[in-house]
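Reader: I would like to go through this structure with you before I set up any calculations. Could we begin at one residue and work outward from there?

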Amino acid sequence: AAQGLLIGDPSAWRFLGTAHVERASYDGYHLASVSGPVVLVHRAKELTAQATLTGAGGSGSTWLASLGGPAPRLTVDLLRLQDGRLLIRKANLKGQGLVADGSGSRGILGGLSFNGTATVSGLERARPGTAGSLVFHWSASQGAAANPWLVSAEGRGEKFRSGMAELDRLLAEGAKFRLRATFGAGAIEVADAGVDGSAAAIQAKGVIGRGQSIALKTSWHADG
């Protein structure tokens with residue numbers, strides 16, 4: 001539910017108010033409520049949405065619940081363009097085990113870009129035997145509405161333990177992760193994905209399609 005003040009006419013209007021949702025759930029993560037201030041602005045056939053939403057009463061035993069925790073907080077500044085694309089101008093998410101920040105922009109020729117960082121911590125809450133944290137940096141860009149998104153990401157573990165003894169021996173605590181892919185037409189084309197550890201490396205490339213369609217070629221090597 002939402003309540004507030006609506007100003008303007010059908011061609012150009014502004015809404016200032018608050019939103020409140022009771023009992024939100026997703027993939028085993030439950031929130032008693034989600035609420036916060038919301039600003040919506042419609043002008044020149046574009047829609048801006050700004051909100052700061054805070055969850056309360058978070059519970060669950062899934063990996064997602066361990067990230068969000070009892071009171072996650074999301075701040076977003078979005079712009080829906082005339083061609084239907086969504087520009088994330090700014091986003092910040094803080095949960096019990098996740099802190100993520102990102103910002104985006106629109107270029108002179110209409111291309112979109114988005115860059116950000118994320119830190120996942122408290123992994124021991126997600127699965128017995130895991131420990132440490134993961135740090136990621138990512139970027140995404142789209143030249144035009146008809147073009148696919150180009151995505152790249154890099155990450156590393158910090159005192160990371162997976163809980164699987166042999167895998168932890170091969171990767172060690174500072175494993176590095178990478179991804180280069182394109183996303184469009186409901187499919188993800190992975191140009192390069194990999195994990196590099198102190199004594200092992202895994203690489204993959206291929207296509208993840210709609211539904212359960214996965215066609216990936218993988219290779220790996222281990223020393224010792």
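Author: Let us begin with Ile214, which lies in strand β14, residues 214-222. Please keep in mind that the model is a predicted one.

Reader: Is Ile214 buried or exposed?

Author: Ile214 is exposed, because its relative accessible area is 57% and the exposed class begins over 50%.

Reader: Which residues make a nonpolar surface patch with Ile214?

Author: The patch is made by Ile214 together with Phe183, Ile188, Ile208 and Leu216. Its area is about 400 Å².

Reader: What about the overall dimensions and the secondary structure?

Author: The C-alpha trace spans about 70 × 45 × 30 Å along its principal axes. The secondary structure consists of two helices and 14 strands.

Reader: Let us turn to aromatic rings. How many aromatic pairs are there?

Author: A search of the whole structure gives two aromatic pairs. One of them is formed by Phe114 and Trp138, with 6.2 Å from centre to centre and 40 degrees between the planes, and it is tilted. This pair links distant parts of the chain, with Phe114 in strand β8 (residues 112-120) and Trp138 in strand β9 (residues 131-142), 24 residues apart.

Reader: How accessible are those two residues, Phe114 and Trp138?

Author: Phe114 is buried, with a relative accessible area of 15%. Trp138 counts as partly exposed, at 26% relative accessibility.

Reader: And the pair of Phe136 and Phe177, why is it called tilted?

Author: The ring centres of Phe136 and Phe177 are 6.2 Å apart and their planes meet at 45 degrees, so the pair is tilted. A tilted pair falls between the stacked class, under 30 degrees, and the edge-to-face class, over 60.

Reader: Where do Phe136 and Phe177 sit?

Author: Phe136 is in strand β9 and Phe177 is in strand β11 (residues 176-184), so the pair ties together parts that are 41 residues apart in sequence. Phe136 counts as partly exposed at 27% relative accessibility, and Phe177 counts as partly exposed at 22%.

Reader: Changing topic to charges: how many salt bridges does the search find?

Author: The search of the whole structure finds eight salt bridges. Among them is the one between Arg178 and Asp196, at 2.7 Å from N to O. Arg178 lies in strand β11 and Asp196 in strand β12 (residues 187-196), so this pair ties together parts 18 residues apart in sequence.

Reader: Which residues are linked with Arg178 in a network?

Author: Arg178, Asp192 and Asp196 are linked in a network of salt bridges. Arg178 is partly exposed, with a relative accessible area of 22%, and Asp196 counts as partly exposed at 32% relative accessibility.

Reader: What is the N to O distance between Arg161 and Asp168?

Author: The side chains of Arg161 and Asp168 meet in a salt bridge at 3.8 Å, N to O. Since the cut-off for a salt bridge is within 4 Å, the pair is counted. Arg161 counts as partly exposed at 32% relative accessibility, whereas Asp168 is buried, with a relative accessible area of 5%.

Reader: One more pair, please. How far apart are the closest N and O atoms of Asp83 and Arg85?

Author: The closest N and O atoms of Asp83 and Arg85 are 3.0 Å apart, and the two residues form a salt bridge. Asp83 counts as partly exposed at 44% relative accessibility, while Arg85 counts as buried at 12%.

Reader: What does Ala145 touch?

Author: Not counting residues up to four places away in sequence, Ala145 touches Asp83 and Arg85, the two partners of that salt bridge. Ala145 and Arg85 are 60 residues apart in sequence, yet 6.9 Å apart in space, C-alpha to C-alpha.

Reader: Where does Ala145 lie, and how accessible is Ala145?

Author: Ala145 lies in the loop between β9 and β10 (149-161). Ala145 is partly exposed, with a relative accessible area of 44%.

Technical notes
Residues numbered from 1 in each chain as written. Predicted model: local features only at pLDDT ≥ 70, side-chain atom pairs only at ≥ 80, totals over all residues. Heavy atoms only, no water. Phe/Tyr/Trp six-rings, centres within 6.5 Å; stacked < 30°, edge-to-face > 60°. Helix = DSSP H or I, 4+ residues; strand = E, 2+ residues; numbered from the N terminus. Buried < 20%, exposed > 50% of the residue type's maximum accessible area, 1.4 Å probe, protein only. Patch = residues over 30% accessible without salt bridge, like charges linked within 9 Å, V, L, I, M, F, W, Y side chains within 5 Å. Areas by Shrake-Rupley, 256 points an atom, 1.4 Å probe, with all protein chains shown as cover. Contact = heavy atoms within 4.5 Å.
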